[in-house]
Amino acid sequence: MRALTLCVLTSLAIGPAAGPAAAAPVTQPQPARAETAGHGHGNGNGNGNGHGHGGDGRLMERLDRGVVAVRSGEKEVLVSWRLLGLDPQGIGFDVERSTDGGPYRKLNRRVLTKGTNYVDTTADLGRTNRYRVRPVLDRRPQPPSRPFTLTAGHATEPAVRVPLREGGRIKFVWVGDLDGDGAYDYVLDRQTAPQKLEAYRSDGRFLWEVDLGPNSVNQNNIEGGSATVDVGHNDGVTVYDLDGDGRAEVAVRVADGVTFGDGSKHTETDDVRQSIAILDGRTGAPRATAPVPGDYLADGPMYARFGVGYLDGKTPSLVAYMKNRIGNGGFNLMYTAWTFDGRALNQQWKFLRGDQDLPDGHNTRIVDVDGDGKDEVGEIGFVLNGDGTLRYSLAPHGIIHGDRWFIADIDPARPGLEGYGIQQDHPGGLLDYYYDAATGAMIWQHRTTEPGADAGRGMVADIDPRFPGMEVWSINGEVNYEQGRPTGLYNAATNRLAEPDTSKQPWPHMGVWWDGDPLRELFNSDPFPERRDARIEKWDPANPTPPATLPRVVTTSEYGAVTALGNSVYPHLIGDILGDWREEVVLTNATYDELIIFTTDRPTDTRLYTLAHNPAYRNGLTLKGYLQSGNVDYFLGHGMTTPSRPNIRYAGR
C-alpha cells in the first residue's frame with residue numbers, strides 16, 4: 001500500500017529571500033505512488049471534508065489553515081500555514097496581503113506547491129498588513145483562509161504574543177478548539193492557592209475561570225489536596241473534542257469545593273472523594289461528571305495524569321492514570337478509560353496494578369504500537385491494550401523506574417515502532433534500553449560497572465544525517481551539567497556511537513522541529529535556576545561540543561520570555577499549533593500576563609501535513625506528566641519518505 005520513494009533532504013539556508021520561500025536546494029520527501037486513504041476538498045477555511053478509508057478513520061479536529069506571519073528581518077515577513085491531513089495531493093496555495101485595510105492582492109506569481117510558507121519582501125512594515133492564503137485545486141482558486149494581522153512597526157521576532165489576564169504563575173498550557181472556529185484556543189493553570197484554570201480564545205479573549213477550591217491549597221507533589229493539579233508528574237487536566245461535535249471539552253479531576261466556569265459548585269461527601277468532570281470548552285460549565293472509582297479510597301485522594309487516545313481506532317477516549325501512596329511506602333496505581341457522548345461520562349474499563357511487577361514512571365504514551373489502528377496505553381515498564389488488558393511488562397528485562405521514555409519510528413528500516421527509555425538508580429547498572437514497542441522484545445541495553453548507575457535524563461531524535469534513523473543519548477548522575485556525566489551519543493539502529501568522544505553530546509531535554517530541515521532541533525534550559533537561559537539549539541555533527549555549549553538558534557530571554565513557573569527547565573508546551581508542520585514553543589512573560597509563542601522564522605521547501613493531524617502526535621499533545629517530546633507515527637528525519645495520508649475524518653460541521 002505504501003510504495004514510497006526514498007529521498008535525501010539537505011539542510012536549508014537561513015537567509016530570507018523574495019517570492020516563494022527560498023532556500024538552498026532541497027529534495028522534498030517524494031510523493032507516495034501508492035493510493036492513499038481519503039479524499040479532501042478545500043472550503044471557506046481551507047478545511048478538508050474528506051474521510052479516510054471510506055469514513056471509518058479517527059474523528060479528529062477540523063482545523064483551519066493556522067496562518068501566522070512573523071517579521072523575520074528588516075524587510076522580510078515569513079508567512080506560514082497548515083497543510084491539512086486530508087488535503088488532496090495536488091493542492092497549491094496563493095498568498096494574499098491587505099495593507100491598512102485595503103484590498104487583498106496576490107503576492108506569488110505561480111501557485112505555491114512546495115513548502116507551505118512564503119517570504120514577503122515587498123510589504124511596507126510601517127503599516128498594518130493582513131495575510132491570508134487561498135487554496136488552489138485543479139487551477140481553481142478556493143475560498144480564502146481567515147487572515148493573520150501583523151501590526152504596523154511590529155518587532156522583528158520569531159514569536160506571536162497572546163494577551164492574558166493578570167494572575168499567578170503558570171505551569172502548563174493545553175490547546176484545543178474550544179469554540180469550533182478551527183483555531184487552537186488555550187487552557188492554562190494558575191499555580192496560586194487555591195489553584196485556577198483559565199480558558200482563552202486564540203486571540204487572547206478571556207472565556208472562563210474554574211476555581212479549584214480549598215482542596216487545591218495543599219500542593220505537595222506526592223500527597224497533595226484532592227483537587228490539586230499540575231504538581232510533580234500529576235496534571236489531572238486535558239483538553240480535547242471528546243464527543244465529536246467540533247468543539248473541545250476540558251476534562252479535569254475535581255473534588256469538594258470546586259467552582260466551575262458558570263458559577264456552579266461541585267460537592268462531595270468529604271474531602272477525599274473525587275470525580276472526573278467534563279467541562280464545556282466555551283463556558284467552563286460542567287456537562288458531565290462521574291466518580292473516581294473508590295478502590296483505593298482508604299489510602300486517600302488520588303493524583304492523576306490525563307490523556308486522550310483512540311482505543312477503538314475511531315472515537316476518542318479519556319485515559320486516566322491515577323495513583324496514591326500506601327502509608328509511607330509503595331503506591332496504588334489505577335488506570336481507567338472513559339467515553340463522553342455529549343451527555344454522560346461512561347467508564348470503559350478499569351485496570352488495577354495490584355502486586356503485579358509493572359514499573360511506572362513520570363509520563364504516559366498513548367499510541368498504536370502494533371499498527372492495527374487502535375491505540376495502546378504505555379508506561380515506561382509496561383503497556384496495556386486498548387481494552388485495558390495487560391499487553392506486556394518490561395520487568396523481566398530488568399526495567400524498573402525512570403524519568404524519560406519515548407515511542408517512535410526510531411529505525412525506519414525496521415518494521416513498526418520502537419521504544420527507548422532510561423533508568424534511575426538501577427541496582428544492576430542499567431542506564432538505558434531500546435526495544436520493540438509492539439512486543440516488548442529487548443533490542444539492546446547499555447550498562448555501567450561504575451558505582452551509581454543513575455540516568456537522570458534521556459532523549460531520542462534524528463540529529464545526525466550520517467546515520468540511519470534517530471540518535472539516542474542520556475546522562476549518568478545528577479541532573480545538572482557539572483555532575484551529570486554524558487553517556488555518549490548513539491545511533492539507535494546500529495547501537496554505535498555517532499560521536500566517538502562521549503563527553504560531547506547535546507543535553508537530553510526536549511526536541512523541536514524548527515529550522516526547516518527534517519533533523520530535530522533541541523529545546524534546552526540550564527538545570528540551575530539562576531542560570532536557566534532557555535534556548536533552541538542545534539547539534540552540529542561536524543563540530544561536536546559538550547552539552548552546555550551547543551550552537552544557539554534562539555535565546556528566548558532576548559524576547560522577554562520565562563519558562564514554566566518562571567524558573568523551571570520546562571516550557572508550557574511544545575507542539576505544532578500554528579503555521580506549517582514545524583513546532584511552536586509556548587512560554588510566558590515574567591509577569592504571566594502574556595503567552596509568548598515562539599514560531600519559526602525560517603523558510604523551507606519541505607512540505608508535510610500538519611503534525612496535529614497525525615494520530616500519535618495529537619495524542620501526545622494531550623499528555624503532560626514530566627513534559628517530554630512527542631513524536632509522529634512515521635519516521636520524520638533525514639532521508640525520510642513522504643508519510644501516507646492519515647486515516648482520519650474531520651469532526652463537526
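Modeller: Here it is, and what follows is a run of questions and answers about the terms used for it.

Colleague: Before we start, what kind of model is this?

Modeller: This is a predicted model, in which local features need pLDDT of at least 70 and side-chain atom pairs count only at pLDDT 80 or more, while totals for chains, interfaces and linings use all residues. Residues are numbered from 1 along each chain as its sequence is written, and side-chain values use heavy atoms, with hydrogens and water left out.

Colleague: How confident is the predictor in the protein chain, going by its mean pLDDT?

Modeller: pLDDT is the predictor's confidence in each residue, from 0 to 100. The mean for the protein chain is 91, and 91% of its residues reach 70 or more. Helices (H or I, at least four residues) and strands (E, at least two) are DSSP runs, numbered from the N terminus.

Colleague: Over which residues does pLDDT stay under 50?

Modeller: That's residues 1–54, for which the model has 148 contacts beyond four places in sequence. Contact means heavy atoms within 4.5 Å. Where pLDDT is low, the predicted coordinates should not be read in detail.

Colleague: Why are Tyr559 and Phe598 called an edge-to-face pair?

Modeller: Rings of Phe, Tyr and Trp (its six-membered ring) pair if their centres lie within 6.5 Å; planes under 30 degrees apart count as stacked, over 60 as edge-to-face and the rest as tilted. By this rule there are eleven aromatic pairs. Tyr559 and Phe598 are 5.8 Å apart, centre to centre, with 70° between the planes, so they pair and the pair is edge-to-face. The pair links distant parts of the chain, 39 residues apart: Tyr559 is in the loop between β39 (552–555) and β40 (561–562), and Phe598 is in strand β43 (residues 594–598). Elsewhere, ring pairs link Tyr420, Tyr434 and Trp444 into a cluster.

Colleague: Are Tyr559 and Phe598 buried, partly exposed or exposed, and how do you know?

Modeller: Buried means under 20% relative accessible area, exposed over 50%, partly exposed in between (1.4 Å probe, protein chains only). Tyr559 has 21%, so it counts as partly exposed. Phe598 has 1%, so it counts as buried.

Colleague: What makes you say that the charged end of Arg165 sits over the ring of Phe206?

Modeller: A charge sits over a ring if NZ of Lys or CZ of Arg is within 6 Å of the ring centre and within 35 degrees of the ring normal. Arg165 has its charged end over the Phe206 ring, 3.9 Å from the centre. Lys323 does this with the ring of Phe331, at 4.7 Å from the centre.

Colleague: What makes a space a cavity, and how many of 30 Å³ or more does the structure hold?

Modeller: On a 1 Å grid over the protein atoms alone, a cavity is a set of points where a 1.4 Å probe fits but cannot get out, and a pocket is an open set with protein on both sides within 12 Å along at least five of seven lines; lining residues have an atom within 4 Å of a point. Grid points are joined across faces, edges and corners, and a volume is the space filled by probe spheres set on the points. The structure holds one cavity of 30 Å³ or more, and the largest cavity has about 320 Å³ of space. It is lined by 27 residues, and those closest to its centre are Arg365, Gly620, Ser629, Gly630 and Asn631. Helix α1 gives the most to this lining, with five residues.

Colleague: And which residues lie closest to the centre of the second largest pocket?

Modeller: That pocket holds about 630 Å³ of space. Of its 31 lining residues, Val67, Phe148, Val160, Ser202 and Asp203 are the closest to the centre. The largest share of the lining, five residues, comes from β10.

Colleague: What makes Asp230 and Tyr592 worth a mention?

Modeller: Most residues other than glycine have a negative phi, and most peptide bonds are trans. Asp230 has a positive phi of about 60° although it is not a glycine, and Tyr592 likewise has a positive phi of about 60°. Asp230 has a relative accessible area of 2%, so it is buried; Tyr592, with 14%, is buried too. As for peptide bonds, a cis one joins Ala193 and Pro194, with omega about 0°.
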